[in-house]
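I opened my notebook to get to know this structure. I wanted a few plain look-ups, written down as I went.

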Number of protein chains: 2
Amino acid sequence: MDDAHSDDLTPAPTGGLPHVVIVGAGFGGLACAQALGRHPVRVTVVDRHNYHLFVPLLYQVATAGLSPADIAEPIRKVLRRHPRIDVVMGEVIGVDLSGRRVLLAGSGHIAYDQLVLATGSAYTYFGHDDWAAHAPGLKSIADARAIRARVLRGFEQAEISRDADEQRRLTTTVIVGGGPTGVEMAGAIAELANWSLQRDFRNIDPRTATVLLIEAGPRILPAFPEPLADYSRRKLEKLGVTVRTGAPVEEVREDGVVIAGRLCPANVIVWGAGIKASPAAAWIGVPPDRLGRIAVEADLSVAGIERVYAIGDTALSLDESGQPLPALAQVAKQQGLHLGRHLPLLVGDGKAIPPFRFRNRGNTAVVGRSSAIFDFGGGRQMKGWLAWILWALIHVYLLVSFEKRLLVSAQWLWRWATYQRGARLITWDTPSDSDPRAAPSSQPGSEPKIPDHRRI
Amino acid sequence: MDDAHSDDLTPAPTGGLPHVVIVGAGFGGLACAQALGRHPVRVTVVDRHNYHLFVPLLYQVATAGLSPADIAEPIRKVLRRHPRIDVVMGEVIGVDLSGRRVLLAGSGHIAYDQLVLATGSAYTYFGHDDWAAHAPGLKSIADARAIRARVLRGFEQAEISRDADEQRRLTTTVIVGGGPTGVEMAGAIAELANWSLQRDFRNIDPRTATVLLIEAGPRILPAFPEPLADYSRRKLEKLGVTVRTGAPVEEVREDGVVIAGRLCPANVIVWGAGIKASPAAAWIGVPPDRLGRIAVEADLSVAGIERVYAIGDTALSLDESGQPLPALAQVAKQQGLHLGRHLPLLVGDGKAIPPFRFRNRGNTAVVGRSSAIFDFGGGRQMKGWLAWILWALIHVYLLVSFEKRLLVSAQWLWRWATYQRGARLITWDTPSDSDPRAAPSSQPGSEPKIPDHRRI
């Protein structure tokens, strides 16, 4: 055992139960843990964060509609009813396959009998990692807060600018990638400018703000049937979004994006153009596919490596027709559930895990106030306000706790009735509370501490 | 005009109306602006942030009860009904008295006819500014999030620690200063450990966490009558808080505080021991008092400087008996209202502003679930659960918008019924999403991107 990982964080064995370690508490990891909690196995869930994040609603945090805590639930709280599940907040940096140990940053390790890799994915910049600084994706609370702050600060700076070009740049948002996240972001930012901010400024008219959605492919929402994509495009354009298809981004700069050789000045650039799996493949020494995924067998095990499984965005899992399953939360969730149900049976009597079959629950995206699209497969589709209500009901239902459901519903109703947004905060929370990317005019000065009276 | 501040951000004159500039949108500045909004004057409110923060409930953000957005309202939104009020998000760095201009960081300036300084206060470390890094005060959203993250991460790290001493340190919080903020923080952290986290851990019992409230003076809550302070101390001790009075802090270190020559190891140190006014006195070249305040006349004007007023924590304002008014939100609010009502009359016909008189609305502090204290002055006091309900009603009522009132009430009811906390997030939002003070074991590693599935 090497010294670097000498601290054994494996839970004390309870009656010699087998120990399953799950890395990642996203939709897949959490579903797996909850299913395992009903069986006589010991489980440890490791995650970098202390919370499970409901990523499908993250765009509403980025557009000032919800607070981070509305869509994040402490992992411990979700799993508290299962006495045989331990939660470890820590950062996995590798797997010692021969020693059957997960290695953590710092000095810890956790021994496993079975290992489930559910580490998700990140945005990829197609080899231009330097673009990330100017065009954050939408994967974490930090991303969402940063985007929210940049959008809102753009309007603040435009209000005090006396230069029309600069005002235009400051109120321009470019969204790269016409997938569901891009469509939802574009719609939500347009609505923020059109309605929520409408009466708040004196020198600019927020309704003249530019929201540009650019997609390299021939149409937006390529994963959806064409009629739904067309509907979404029309709805977005009605909200004032400019949609450009067949327009690959050539360069992302601090002051804008270059498309077709021309600079399009922008204050905020949001990246939603492509994802890549987490580096879990490297931990176990298997060659990843083009998108960084680990190829898995039908039973979700990693070929050639005993006791290791991969699910969700981490896994390259094929459906019955040999097509890779999409990077969807419902895929991860169903895979987690499948493993969680069958792994305990495996232990002991050598039974096999049956092959996983994905059951498509329908793919959805929300385009704006009162409109959404659903594709249930097999030609069954739905769009418009009824789809939007269904979307809202499903998303509220899928939130982990009753408290969040209550809070999110209340805020949605309020927002729907008043056109307002409740979380219009510009915060960065670096020690100086300012954007690392900030213009000189808002550099952290140590001087003026602003209003903070102690007591009412 | 010097080049450094050549951008004129003064609003275009409307019919030659006089222009009042208010620096700071805390309780004082906002009350002043709202009162001025009813009169034929032009107003510009300048603040570093885009939101007004309801500081009296900030301790609930720091203890995972509320989200920052629940207690922060965009300044523009609050003032949107007043067409003659402009809001500028910017950082004031000085005042050009002869040119009658407020100077902003960057290149802007704003010309004024009347200037109101309402810039609030910050915590002071009695000459030990290096202590600030280890013992944040509770003045900003960033402070509250940092304290919340440190408290919660302490429990996470204790859970995986195998060393009893280290576990004890990791679950110890020291609060320096027995004023209302210190008392409220101590009670809220004890309740978090006793109830909200109670069933979430496997290797530690959060109820054994230590909360230490230390006060240099002979008793806590020196601004309250002794019976109320005694009651609060008993209530805190019942919650498991250790209260030490007559115990000045000798040193604040990263790993704890030194009291009476002995190190008391602690994971979180919260500073609430003394405040100092913002450096507005330096901007206008007047010598501040010991607490950094600007001495003002009975009419809230700064003696010897024309057209400049100071209110709230920035001002040293005396009551009828010659005693300085306390640094309370209600003082700031009443002063702002007073100025806002009388400043417009001054313009034109040279009328004088009548002397300000503070009307004490009662001082309050909440000690924990179902108990609070009120001191209405003149021997009229109140304590217990009825005081707590009154406290809750008043604080909900004082929140700026109906939406926040609704959200905060809902969360309080939920928390009261379930003993849970809705905002248990460990986030720092630095680019690496980790505490600058983090132990090596949680250093930002670039590797494992954790669960983030794109779509449900």
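**Entry 1: a sheet in chain B**

I began with strand 1 of chain B, which runs parallel to strand 9 (residues 108-111) of chain B and is joined to it by two bridges. Strands here are DSSP runs of E with at least two residues, helices are runs of H or I with at least four residues, and both are numbered from the N terminus. Two strands pair if DSSP finds at least two bridges between them. I looked up one partner: B:Asp7 is bridged to B:Gly108 in strand 9 of chain B. The sheet is open, has four strands in the order 1-9-8-7 (chain B), and its pairing is mixed. Strand 1 (7-8) and strand 7 (92-96) of chain B are at the edges with a single partner strand each, so one side of each has no neighbour in the sheet.

I noted the ground rules next. This is a predicted model, where local features need pLDDT of at least 70, side-chain atom pairs count only at pLDDT 80 or more, and totals for chains, interfaces and linings use all residues. Residues are numbered from 1 along each chain as its sequence is written, while chains are lettered from A and ligands numbered from 1 in the order in which they are written.

**Entry 2: a hairpin in chain B**

I moved on to strand 16 (residues 256-259) and strand 17 (residues 262-265) of chain B, which pair antiparallel over four bridges. B:Gly256 is opposite B:Pro265 in strand 17 of chain B. The two strands form a hairpin with two residues between them. In the turn, B:Ala260 has a positive phi of about 50°.

**Entry 3: two domains in chain A**

I checked the domain assignment, whose bounds come from an automatic or database source. Chain A has domain 1 (3-123 + 275-349) and domain 2 (129-273 + 362-418). Their C-alpha centres lie 30 Å apart. I found 22 residues of domain 1 of chain A in contact with 25 residues of domain 2 of chain A; contact means C-beta atoms, placed from the backbone, within 7 Å. Which element gives the most to the domain 1 side of chain A that touches domain 2? Helix 2 of chain A does, with five residues.

**Entry 4: one glycine**

I ended at A:Gly384, in strand 25 (residues 380-384) of chain A. A:Gly384 counts as partly exposed because it has 15 C-beta neighbours inside 10 Å; buried needs 20 or more, exposed 12 or fewer, and partly exposed is in between. Its C-alpha atom is 4.5 Å from that of A:Ser371, 13 residues apart along the chain.

Key: Contact = placed C-beta atoms within 7 Å.
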